[in-house]
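Good morning, and thank you for coming. I would like to take you through one structure, part by part.

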Protein chains: 2
Amino acid sequence: MTIKDIEHIRKHYQDNQDRLLDELMDLLRIPSVSTDPSHSEDIINAVHFLKKKLDTLGFDLVKVFKTPGHPILYAEKIVNQDSPVLLVYGHYDVQPPDPIKGWKNPPFEPFVEDDHLYARGASDMKGQVWATISAIESILKTDTLPVNIKILIEGEEEIGSPNLESFLKEHKSMLECDFVLNPDAGMLAPDKPTITYSLRGLAYFELRIIGPKADLHSGIFGGVIDNPANVLSKVIAGMHDEKGRVTLPNFYDAVRKISDEERQQLSKLGMESTFYKTLTGVSALGGEDGFTPIEQVGVRPSLDVNGIYAGYIEKGAKTIIPAYAMAKISTRLVADQDPEQVHQSLRTYLKQNVPSSVKWELDYLSGALGYLVQDNAPGVDLFINALQKTWGTEPLLKPEGGSIPVATSMKNILGVDSIITGFGLPDDQIHSPNERLHLPTHRKGVEALIRFLMSFNYQG
Amino acid sequence: MTIKDIEHIRKHYQDNQDRLLDELMDLLRIPSVSTDPSHSEDIINAVHFLKKKLDTLGFDLVKVFKTPGHPILYAEKIVNQDSPVLLVYGHYDVQPPDPIKGWKNPPFEPFVEDDHLYARGASDMKGQVWATISAIESILKTDTLPVNIKILIEGEEEIGSPNLESFLKEHKSMLECDFVLNPDAGMLAPDKPTITYSLRGLAYFELRIIGPKADLHSGIFGGVIDNPANVLSKVIAGMHDEKGRVTLPNFYDAVRKISDEERQQLSKLGMESTFYKTLTGVSALGGEDGFTPIEQVGVRPSLDVNGIYAGYIEKGAKTIIPAYAMAKISTRLVADQDPEQVHQSLRTYLKQNVPSSVKWELDYLSGALGYLVQDNAPGVDLFINALQKTWGTEPLLKPEGGSIPVATSMKNILGVDSIITGFGLPDDQIHSPNERLHLPTHRKGVEALIRFLMSFNYQG
């Protein structure tokens, strides 16, 4: 496989990058904050700004779909019925700018300083959407697009995409594609192009241990009544063994083994002890014995208390035995682990470990499957090549400890894998004041996207 | 030892018990609620009502002492410098009547129905104070008092006696006595006269486990960071072993053994499994193996979580690893256990058991010594005899799992033991609507008090 000469496309981009940046700044001036109803007009303005842009690029279809919430922009350009179809995912909504006083410049008045473009949404993810549009424009103006492109840009990602799944289901045939490009993740450093190849799933519970009919006097009853808060502590403590492994029955049954190759790959990420200690401020890490930090968060499941409550928690002392105790407990799951099986496993554990002196109630609040991009997923190799050629270095393949629900939905509903990537950086301050986009990285990203899209010419 | 004939005194009481009841009802009409500033005039009225009564009985000294809070009434009648001195403790303040709507009759309009006198303070403890005054009056009107009597009646018991300790210290020589009669406890049933012979002490702590510098995303960091809520649960779980024993180093060193005699005594109280299950609504009891319920709360120390908090505890799910976790933890101690030693013992336990991945902070919020009436404490035998003679049954000797700070203060400051007793019943509804006094028991109580006071004639 040879990479086609893209110099003429690159040159076009370079000649036009200032104008494209100006257009991005216009988009960033629209405060499309999805969570705040006072910005509903801005939401409409943002979606129509993008519709107009795609219209001018000559897409076959550009349509704004209403949803019960904010609209979804959909566009497609079918160049050849026999060519593969790429679905590009993006979102045009942004986080609220709060706390406003943290911003050096107003959040919706973009400005450039020291190679960075500052504005709310610059990195997450108007800048990423714009990188893709810039690449497509550059190709369309100078050459022939060798791949069919569909674009879906939603307006509710920052509020949990409440209407995306039903949209995917309703428009399944329209959205039919071979794979998805999701540039809503990022890179580990400006010199480290990155692809996220797995996400962890989730099973989230609320557990209540119920004891006496009311709070009791701890003097009169201390020593004779099993205290629900002590029982809960014991039950939680028993969920890990001395090696930091989760003790729920059969919890690890579906967890796949890490190959030597994957271990080696993970070790290249540089996400080592110091990385996590610096990020979190702790003096020592914990977790499961026998695994490196990135293995612990990336390819191993975990169990955490997210909240715990019982009795008197204000200032000072109150001498009670609480009537009940509650904990929010969640597990992060790797691919092949089934949240519902984890739920049953937790029930079994509780049946075996909660003493008969108290009652217990378990609510299963939410579950999500983990996700692992298939080794042979279409497009991934091409994307790796494009990154490598652009940066002159081997891209990093990174597991993500959290979840990207959009990618999981695409897999579950459309049946396709996502190339989860992007050209944002860890210090872009997304969701915080002074969000910014590193322009040299952004421009390299556009170049990589051009390479990626043009590489379809040379497929089998 | 023979018991002196007290028939003439008893007859006087019987002839006058209706008038004495009317006077008690007048006292109960004064809403001397100590916690509510709008009742400050009633507080003054109540203390002067009692002062006037003691004046008419011919006490040598009757004086109202100002304190930074509500006044303390003090009176004394010294009959013979060589006779023993009894200090009677009481309080004239009452709990608020709330919830008002729960009362069948207004709380400060006492009325009698079915052998019960209903009013706020009827049992706790104006009725108990009045029983003592009734006994003293009956003796003074018909015979010679064979014991020196000092009386201290405070007005802040229901708000924690904030000014009592400094009063005891300031007037230590005035209050010099051989023992105290504290009728602020009660009986287990109308046919079961009861003396409380021990109180448990307390050591109360707040423990904080501090992890990352801020709440972390449980996906991105789950598995690599020691979660403070999980760590806290484990630390708490480790504070008891499989037999329900507290594992803090040296915790039981000072705990005295229970004698066979004490065990037998305790078994007579009828405070068995069913008693505690009915009271609390639990289906099974817990606690330390090898001890009966009353032994567990009465003569064994205990450790309880009084409150616990970390992370997200509202409705729904939030996927965080909490930055810190907090628990209020208290131990109930038996006589000879030193709260400060327990504090040090807990610190040692934490040093040994908290992992280095988190920090911990421990606040020692309060401590109180346990209290055990000495076997040879003056007056106790006489009181037991008086109860036995009056009820025709052996009085119960009961350990109290909670604390009675007044009794502990008397021991610590004046160096004397208290006879902790009273003629209230478990169903007197103290601190609740429809508080009441069982009049037949009250009258038997007066008779027992007459017997007790007159029995000093025959000492030594």
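Val112(B) faces Leu117(B), a residue of β5(B). Before I go further, please note that what you see is a predicted model.

**One residue in a loop**

Let me stay in chain B for a moment. Leu175(B) is found in the loop that lies between α4 (164-170) and β7 (179-182) of chain B. Is Leu175(B) buried or exposed? Leu175(B) counts as buried, because it has 21 C-beta neighbours inside 10 Å, and the cut-off for a buried residue is 20 or more. Setting aside neighbours within four places in sequence, the contacts of Leu175(B) are Leu87(B), Lys150(B), Leu152(B), Leu168(B) and Leu414(B). As for Gln17(B), it is 158 residues away from Leu175(B) along the chain, and 30 Å separate their C-alpha atoms.

**The domains of chain A**

I now turn to chain A. Its domain assignment gives domain 1, made of 7-199 + 370-458, and domain 2, made of 201-255 + 301-368. Taken over C-alpha atoms, the centres of these two domains of chain A are 41 Å apart. How many residues of domain 1 of chain A are in contact with domain 2 of chain A? Eight residues of domain 1 are, and they meet eight residues of domain 2. On the domain 1 side of chain A, the elements that give two or more residues are β15 (371-372) and α12 (405-414). By class, that side has three nonpolar and five polar residues, and no charged ones.

**How the two chains meet**

Next, the two chains together. Chain A is superposed on chain B by a rotation of 179° with a shift of 0.3 Å along the axis, at an RMSD of 0.4 Å. That is the relation of a two-fold axis.

Between the chains, 69 residues of chain A are in contact with 69 residues of chain B. Strand β11 (residues 302-311) of chain A gives the largest share of the chain A side, nine residues. In terms of class, the chain A side has 30 nonpolar, 29 polar and ten charged residues. Of the interface residues of chain A, 100% are also interface residues in chain B, so the copies meet through the same surface.

**A sheet that runs through both chains**

β11(A) and strand β11 (residues 302-311) of chain B run antiparallel and are joined by five bridges. Within this pairing, Tyr309(A) stands opposite Tyr309(B).

The two strands belong to an open sheet of eight, in the order β14(A)-β9(A)-β13(A)-β11(A)-β11(B)-β13(B)-β9(B)-β14(B), with antiparallel pairing. Its edge strands, which pair on one side only, are β14 of chain A and β14 (359-368) of chain B. From one strand to the next, the twist averages 20°.

In the chain A part, strand β9 (residues 201-210) is mostly covered, with eight of its ten residues buried. β9(A) pairs with strand β13 (residues 324-333) of chain A over ten bridges, in the antiparallel sense, and there Phe205(A) is opposite Ile329(A). β9(A) also runs antiparallel to strand β14 (residues 359-368) of chain A, with nine bridges between them; Ala203(A) has Gly367(A) as its bridge partner in β14(A). Helix α10 (residues 339-353) of chain A lies across β9, β13 and β14 of chain A, at about 165° to β14(A).

In the chain B part, eight bridges connect β11(B) with strand β13 (residues 324-333) of chain B, and the two run antiparallel. There, Ala310(B) has Ala325(B) as its bridge partner in β13(B).

Thank you for your attention.

Methods:
Residues are numbered from 1 along each chain as its sequence is written. Chains are lettered from A and ligands numbered from 1 in the order in which they are written. This is a predicted model: local features need pLDDT of at least 70, side-chain atom pairs count only at pLDDT 80 or more; totals for chains, interfaces and linings use all residues. Copies are superposed by least squares on the C-alpha atoms of residues with pLDDT of at least 70 in both. Two residues are in contact if their C-beta atoms, placed from the backbone, lie within 7 Å. Domain bounds come from an automatic or database domain assignment. Helices (H or I, at least four residues) and strands (E, at least two) are DSSP runs, numbered from the N terminus. Ala, Val, Leu, Ile, Met, Phe, Trp, Tyr, Cys and Pro count as nonpolar, Asp, Glu, Lys and Arg as charged, and the others, Gly among them, as polar. A residue is buried if 20 or more other C-beta atoms lie within 10 Å of its own, exposed if 12 or fewer, and partly exposed in between; C-beta atoms are placed from the backbone. Two strands pair if DSSP finds at least two bridges between them. Axes are lines fitted to C-alpha atoms, for helices over the stretch in contact, and angles run from 0 to 180 degrees between N-to-C directions.
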